[in-house]
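Dear colleague,

Please find below a structure that I am handing over to you. Kindly look through it before you read the notes that come after it.

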Amino acid sequence: MSSCLDAARPETAPAGTSRFRPAIHFSARDTWLNDPNGLVFYGGLYHLFFQNNPYGNVWGNMSWGHATSHDLLHWTQHPVAIACDETEDIFSGSVVVDHGNTSGFGTADAPALVAIYTSAYKSASEHSGTQAQSLAYSTDAGMTWRKYDGNPVLTRNSANFRDPKVFRYQGDQGACWVMVAVEAQHQKVVFYRSEDLKSWHFLSDFGPANADGGEWECPDLFPLAVDGDPDHIKWVLIVNINPGAVAGGSGGQYFVGHFDGDRFIPDPDSLVAPAGVTSIHDPKTRSAALQQCLWLDWGRDCYASVSFSDAPDNRRIIIGWMNNWDYANELPTAPWRSSMTLAREVRLTAVNGSARLIQQPVLAGLCAGEELTPVKDHMGADSFELRDSALRLPEAVPGSAQIIEAEILPGSAERLELRLFGSSDRSKGTVLSYNTTTAQLILDRSQSGNTRFHEKFSSAESAPLVLEDGVLKLLIVVDHCSVEAFAQDGRTVMTDLIFPETESPENSLSAVGGSATVLRLAVSTLT
Ligand code: FRU
């Protein structure tokens, strides 16, 4: 069967070489990308496969691109891993290391990497009009892939059955493979099990629940110890939704509960209201109800987040696609279009008795013994008063990402305001603010630069944010065309794309309507 690729292109994505090219986020060299696929740590490298159009910079010809990294910040792009052909597009899925050689694709000593992906069948296929799950495997550490002759391995004769995430489940009766996938238009996560990755048995389904106003896509399921307590394990079910997310368009929600090897049972405090009677279906109460769902990210540009298989030290690390289907195909960059979020380590912590996810960006090599990425301190300051007159911060350096860390006591201020890529008269810029009256964190990109390329791009997002001990804690990563804000040690995360104009480069911090105390401020660059 001929592939829809004519040439392989081993390339390293040139970081920061064009105005909006991110320095520490993965973007494809000169083509389109969407969802992260097949995230796996293998042979000392993080592998990122991704939805890729090898021929252009809009969605189409879906294939799996491939990149690897030592530190999750700097990526090397490799030739396309699994290419579409005349019968199928290669939609999203996952990769497992088949340690026990259950599939027979490798050997006990040299386990194969097995990709479980969605075959989106085209009109030339006998399965035309359906989506089903297929396998491909690699015995050379992910560099080349062979499709399994017995594909597809799992079909439901459905047009929207996709995005399989497979993991090894260790239950009372021994180990097996578990797949979570979606019936996208029915807002259902479906669960299957297998001994050999080839033959699958239906277990159960989950949904609709909480945000269900769009297609459910790209699920993930994993256990985490609450506050690190090995005797208090909870399961996290990630369900991405498009449209219908809290900030509009695409986004990722999660549920906390229990998985017993057969079904997922959500904790009652993870649900907005019993299924079917949620206020989410009433247009008058929908937006308030959406704010009560559990969101991975409250911004506009974090979608299709899924986690790595086999990450070192049993860590759970996720990456999302930093974009939104509302305007994804029209982002003003060329020849590349779109990038991934930073890798984020997720943990569970108890918040008022409920287990909730916290996320920290992975900003230094996680691999033990690896050299850490140098972080240069540009500004550090001890406690001082902040007033309405804006405090200038160092400007972003082209080719580098900027990391801004702040701990602030709001005092009498009505609003704390961090302005990025702004103008001195404060009419321009991307503004991250904390409103002390409404206790909301707001990311406003309406004056951020080029917002004109799509009518749905200009926006301001908000998230409820309760301060601990009265202190606002922020860690913000700015990388050419993106802002990722991690508030309160990663309890609330907001990610937005921005396309700033060159004539407004100023960064500043101010307290509006009163004075605040800055307890800590650090600005550093990461190249
Ligand atoms: C999510 C998604 C997946 C699908 C892929 C196709 O962004 O729609 O459901 O597998 O993208 O590119």
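The notes below concern aromatic rings and the charges over them.

This is a predicted model, in which local features need pLDDT of at least 70 and side-chain atom pairs count only at pLDDT 80 or more, while totals for chains, interfaces and linings use all residues. Residues are numbered from 1 along each chain as its sequence is written, and side-chain values use heavy atoms, with hydrogens and water left out.

The structure holds 31 aromatic pairs (rings of Phe, Tyr and Trp, the last by its six-membered ring, with centres within 6.5 Å; planes under 30 degrees apart are stacked, over 60 edge-to-face, the rest tilted). One of them joins Phe167 and Phe259, edge-to-face, at 6.4 Å centre to centre and 70 degrees between the planes. Phe167 lies in strand β9 (residues 161-171) and Phe259 in strand β15 (residues 251-259), so this pair ties together parts 92 residues apart in sequence (strands are DSSP runs of E, at least two residues, numbered from the N terminus). Phe167 is buried, with a relative accessible area of 12%, and Phe259 is buried at 1% (buried means under 20% relative accessible area, with a 1.4 Å probe and protein chains only).

The ring centres of Tyr169 and Trp235 are 5.9 Å apart and their planes stand at 50 degrees, so the pair is tilted. Tyr169 and Trp235 are both buried.

Ring pairs also link Phe20, Tyr327, Phe453, Phe457 and Phe499 into a cluster.

Finally, the charged end of Arg168 sits over the ring of Trp177, 4.6 Å from its centre (CZ of Arg or NZ of Lys within 6 Å of the ring centre and within 35 degrees of the ring normal).

Methods. Helix = DSSP H or I, 4+ residues; strand = E, 2+ residues; numbered from the N terminus. Buried < 20%, exposed > 50% of the residue type's maximum accessible area, 1.4 Å probe, protein only.
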